[in-house]
Every structure is written in C-alpha cells, then in structure tokens.
Amino acid sequence: MNTVEKDKTYVASTYNRFPVVLKEGSGSVVYDENGKKYIDLGTGIAVNTFGYSDKIWVEAVSKQAAALNHTSNLYYHGPCASLAEMLCEKTGFKKVFFSNSGAEANECAIKAARKYAEDKKGSDCYNIITLENSFHGRTITTLAATGQEKFHKLFTPLTEGFLYVKPGDREALANYISKGNVAAVMFELVQGEGGVMPLEKDFVDFIVKICRENDVLVVCDEVQTGNGRTGALYCYQNYGFMPDIISTAKGLAGGLPLGATLLGDKVKDVFSFGDHGSTFGANPVCCAGALSVLSRLDENVFEGVRKRENLIRDTLKDAKGISGVYGMGLMIGIEVACGGPKLAGALLEKGVLVLTAKNRLRLLPALNIPEDILLEALEIIKTTAAELCDTEAI
Ligand SMILES: Cc1ncc(COP(=O)(O)O)c(C=O)c1O
C-alpha cells in the first residue's frame, strides 16, 4: 500500500486530507513525495513559527533531545523553569502551567477560573461566558466552551456551565454577569476558526471593565493569536489591557506539542499540589523548542509581521474575485467570490498551501516568510481567484 492507502486504512477518518503526501521542507517551502514544490502559507495551522525545520530551532531541539529527552514532573529541569521565567518576564504574568495542546491549555484556564471563583464566591459560581462563533478545542469541555452548535451535535451531554454571547452584545453579557454566578469570560481576540474575525476594541474594553467591576476573570484564548502571530507577542497587547489568564499553544514551541496557561496576579496561587497535572507537559525537548522560538520573538520580528500584513493587504486589495482582507498581523482571512475551500483546492495544484476558515481563505504564514516568496504566492492567489471567479460567472 502507498502512504495514502495505508493512512485511509489505518488512521481514524477524522480528517478530510488534501491529496498530497508531504515529505520535507525548509523555511516557507515544502516538497511532496514526488518532489513537487509548494509555498506554505499555513505553517501546520500557525505552528511552524519560523517555517519548516528552521536551523536555529533544529539545533536547540536536537541538543536537548540528546541531553535529556523526557522526565516526569516529579523532578525539576532547566528548560521548564527557564521557559516559565521567560514567559513571565516577557508578559507580566506570574506563573505558568504547561500542557501539550491548545485544548489542554484551555482546560487548565477553565479549571483555574472555576477554582478561583469557588474559593472566593462559593461553589455555585462556576459559569464561564464564551462568545458565539468561537473555537476553543475538541475535548468535551472545550467543545462546550466553543460557541458553535455544529461542534456540539453528536457529543452531548457536554460539560455544563457555559453561556454564550454574540460578539458585541453588551446587554447579554451584562445580564449574565449580573446574575452573580459567572466565574470568567473567555474569548479569542481574533476568532480564528470562526473566519478570522477580530473583536471590536470597544467591546473588549467593555468586557474588561464589567469583569473588573464584578471580580469576574478575563481569560484570553491565545492559542492561535499568540506567539507573535498578530504583530505583538500576545494579541491582548495590541488591545492594551492585561487579562487574568491566557492560554496558548500552536506556535509556542515552533513545531512541537506544547500548551501553556499563564496565570496573572489574582490566580497565580489558585492551584495546590494535585489540583492539575500532565505527564508530557513541560517536556524538556518541547520547552527547548519554545525557549528558542520565544527568545527570537522581539520587536524586529513583530515589525516584520506588520510589514508582511501590509504587503498582503496592498497586493490583494481590489483584486478580481477578492472582496475583502480581514484579520490582524499574519492571521489573515480573505473573502473570495468562489469560496475559500474551492480556491484552496485550486491553489494546491498550483503549488501554494493555504487554509480556510468558514468560507474564507485563511493565511497563517511563517513570521519570517521571505517577502519575495510571499509575493510569488500572492500573485498565484490573485490569478487563481480571478480565474475561478470567471468560471463561477459562466
Ligand atoms: C483559538 C483556539 N483555541 C484552541 C484550539 C485547540 O488547539 P489544539 O488543537 O492544539 O487542541 C485551537 C485550534 O485550532 C484554536 O484555534
């Protein structure tokens, strides 16, 4: 059997994969098993922060793998402590819990919020408000947190205690909070899976204000927006406030599984021994990868992200078949006449890998994608969107 046949036979059919077998890559370019070259604008869904097998990252990870590949959380190790220190020093958060994925980072955020509220306000105060059109993960609890019904079907009963509010609906938010049994409001600042939709700053300011007034925790899901993606280390910095908790994963370790939940002043000591844990969380190799990525995420890189964002917006502005470019930094959603999924399939054939979100095309390129490679891919997107737009019209 070839790879596709083997995969279809033995791997659970949860993914509708593109018909391509990727073999090796470098930076923003990847090759399939037949040697066909692709420009990658998806980075494994915002994971390969500096592209495929970035040399500095490979060296950091290989060195750690050769020295101490894994140990349990029963012992201390340098990469874990240093990474937590670096995350706290770069953000102002006070403590970090490490896990393996975005969903787990959110699970930890939810547990921390519930524990804080139970300690301070009693066991009835367990509700978490999330937003409609959000996405927070695939576990039963993070599915419950996800404000999209299509994800809830088939898996009920989900974890109880989640209330959903439309982005921008201040009245509904205030009503829920006034009932006094809300532990936290949890949201993505740019809804990724929901179509790359940044929240309005005024609405975010309102959430923060009403939460502060009622001792309700502000939790930002920075799984996709984090680690430089939106032109700041974390997206809340673009909005100018300090959350009580953030969760992050994806690009943090630059291609290895690592989740982190960052705890602010109010919640830094909410957990005691045994309240939470993870076998693989803070794995030394993953932490070494993250230390390498994080130590490079500076103002220079963020400026580069914003510059590339402008390049994308300028190049695609007024292009035929493209009616809008949305998002923040290198988290871009593109409204296309022919529909994102159809365009993504056509682009694959032309050697450009992209993602979709709802009916939009979604771009999450490496933060350091060379500008000439980005431009080459954008020209292909432009011509393909125009061609498909013509076909639609016929
Ligand atoms: C905002 C957000 N939260 C959580 C998740 C879940 O992350 P993971 O797939 O690593 O569990 C995702 C994944 O796409 C995400 O975009």
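Hi everyone, a few ground rules to start. What you see is a predicted model, in which local features need pLDDT of at least 70 and side-chain atom pairs count only at pLDDT 80 or more, while totals for chains, interfaces and linings use all residues. Residues are numbered from 1 along each chain as its sequence is written, and side-chain values use heavy atoms, with hydrogens and water left out.

Let's begin with the helices. Two packed helices are described by the angle between their axes and the distance between the axes. When I say helix or strand, I mean DSSP runs numbered from the N terminus (helices are H or I, at least four residues; strands are E, at least two). The axes are lines fitted to C-alpha atoms, for helices over the stretch in contact, and angles run from 0 to 180 degrees between N-to-C directions.

Please find α11, residues 284–296, and α3, residues 55–67. Their axes come within 8 Å and cross at roughly 150 degrees. Which residues of α3 make the contact? They are I56, W57, A60, V61, Q64 and A65, where contact means heavy atoms within 4.5 Å. On the α11 side you will find P284, V285, A288, G289, S292, V293 and R296. By class, that contact has nine nonpolar, three polar and one charged residues (Ala, Val, Leu, Ile, Met, Phe, Trp, Tyr, Cys and Pro are nonpolar; Asp, Glu, Lys and Arg are charged; the others, Gly among them, are polar).

Helix α4, residues 78–91, also meets α11: the axes come within 9 Å and cross at roughly 30 degrees. This crossing is left-handed. Residues in the contact include L83, M86 and L87 of α4 and L291 and L294 of α11. Eleven of the contact residues are nonpolar, two polar and one charged.

Now over to α8 (170–178) and α9 (201–213), which pack at about 15 degrees with axes 11 Å apart. That makes α8 roughly parallel to α9.

On to the ligand. How many residues surround it? There are 13, and the closest are G102, A103, D221, Q224 and K250; a residue qualifies if one of its heavy atoms lies within 4 Å. A polar backbone atom of G102 sits 2.8 Å from a ligand oxygen. For Q224, an N or O atom in the side chain is 2.8 Å from an oxygen atom of the ligand. K250 has a polar side-chain atom 3.1 Å from a ligand oxygen.

Finally, the backbone. T156 and P157 are joined by a cis peptide bond, with omega about 0 degrees. P157 lies in the loop between α7 and β6. A282, a residue other than glycine, has a positive phi near 70 degrees, and A282 is in the loop between β12 and α11. Thanks, everyone!

Key: Polar contact = N/O pair within 3.5 Å; in protein donor to acceptor, adjacent residues only side chain to side chain. Left-handed = near helix turned anticlockwise from the far one by under 90°. Parallel < 35°, antiparallel > 145°, perpendicular 65-115°, else oblique.
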